[in-house]
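Colleague: I have a bit of time for this one now. Could you put the model up and walk me through it?

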Amino acid sequence: MNENASKSTLKRLPFYLDLLKQKREQNVKYISSSQVAKELELHDVQVRKDLATASKLGGKPKVGYEIEELIRDIEEYLGCYNTNKAVLVGVGSLGKALLGYKGFKDYGLEIVGAFDSYAGIIGNEIKGVVVHSMERLSSFVKENNIHIGIITVPAQYAQDVCDRLVDSGVQAIWNFAPIILKDRENVIIQTENMASSLAVLSRHLESKRQ
């Protein structure tokens, strides 16, 4: 098991986990790295390296990995058994969609509060999460020992929201705003740039057409 996994490995591990759970539901007990590689269209060597990062298990000759134990190891490595409370700032279309996504709980993330500056939505409950005014943000984070902040506001407001979250005690930022946030000491910032992903997708599509 390797504590210092690369970002690309960490991004692949949830795909392995989903596949393993599918196999478990089909009552499959063992799976080989070559089977995983084939189903996910990856290289066998890469799969073995990734699994060695998250698990001490070795594949048994002619049998493969024991699925139940491998699931347990990957979940433990990814922190799925640790519940991390989070707040979401910006309850627009994207924010509402994230509030309704049940898959976060599978990875130990629980959104316990949402915040917005629009008076018309404050006080409403969306997918079981109450929307508070921005004035409550700092006190809520401190009172509930929140470590993760999710930002889904327009780009021009994102840095200010980030600063307020960090100053309130948040240690990790998941940013969906189309802007690169300034690094803060001892704070993890993960930005999901949808425009960048779309640009890559469009370029690959154009190359295929040519």
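Modeller: Before we get to bridge partners, a word on the term: two strands are said to pair if DSSP finds at least two bridges between them. Please keep in mind as well that this is a predicted model.

Colleague: Fine. Which residue is the bridge partner of Val89 in S4?

Modeller: The partner of Val89 in S4 is Phe115, and strand S3, residues 84–89, pairs with S4 in the parallel sense over six bridges.

Colleague: Is S4 mostly covered or mostly open?

Modeller: Mostly covered, since six of the eight residues in S4, which spans 109–116, are buried.

Colleague: Back to Phe115, then. Which ring does Phe115 pair with, and at what angle between the planes?

Modeller: Phe115 forms an edge-to-face pair with Phe140, with 5.4 Å from centre to centre and 75° between the planes. Because Phe115 lies in strand S4 and Phe140 in helix H6, residues 137–143, the pair ties together parts that are 25 residues apart in sequence. Both Phe115 and Phe140 are buried.

Colleague: How many aromatic pairs does the structure hold?

Modeller: There are four aromatic pairs. One of them joins Trp174 and Phe176 in a tilted arrangement, with 5.0 Å centre to centre and 50° between the planes, and ring pairs link Tyr101, Phe104, Trp174 and Phe176 into a cluster.

Colleague: Changing topic: where is Lys23, and is Lys23 buried or exposed?

Modeller: Lys23 is placed in helix H1, residues 7–25, and with a relative accessible area of 15% Lys23 is buried.

Colleague: What does the Lys23 side chain make a polar contact with?

Modeller: The side chain of Lys23 is joined to that of Glu39 by a polar contact of 2.6 Å. Leaving aside residues up to four places away in sequence, Lys23 touches Val28, Ile31 and Ile67 as well as Glu39.

Definitions and conventions: Residues are numbered from 1 along each chain as its sequence is written. This is a predicted model: local features need pLDDT of at least 70, side-chain atom pairs count only at pLDDT 80 or more; totals for chains, interfaces and linings use all residues. Side-chain values use heavy atoms; hydrogens and water are left out. Buried means under 20% relative accessible area, exposed over 50%, partly exposed in between (1.4 Å probe, protein chains only). Helices (H or I, at least four residues) and strands (E, at least two) are DSSP runs, numbered from the N terminus. Rings of Phe, Tyr and Trp (its six-membered ring) pair if their centres lie within 6.5 Å; planes under 30 degrees apart count as stacked, over 60 as edge-to-face and the rest as tilted. A polar contact is a pair of N or O atoms within 3.5 Å; within protein, one must be able to donate a hydrogen and the other to accept it, and residues adjacent in sequence count only if both atoms are side-chain atoms. Contact means heavy atoms within 4.5 Å.
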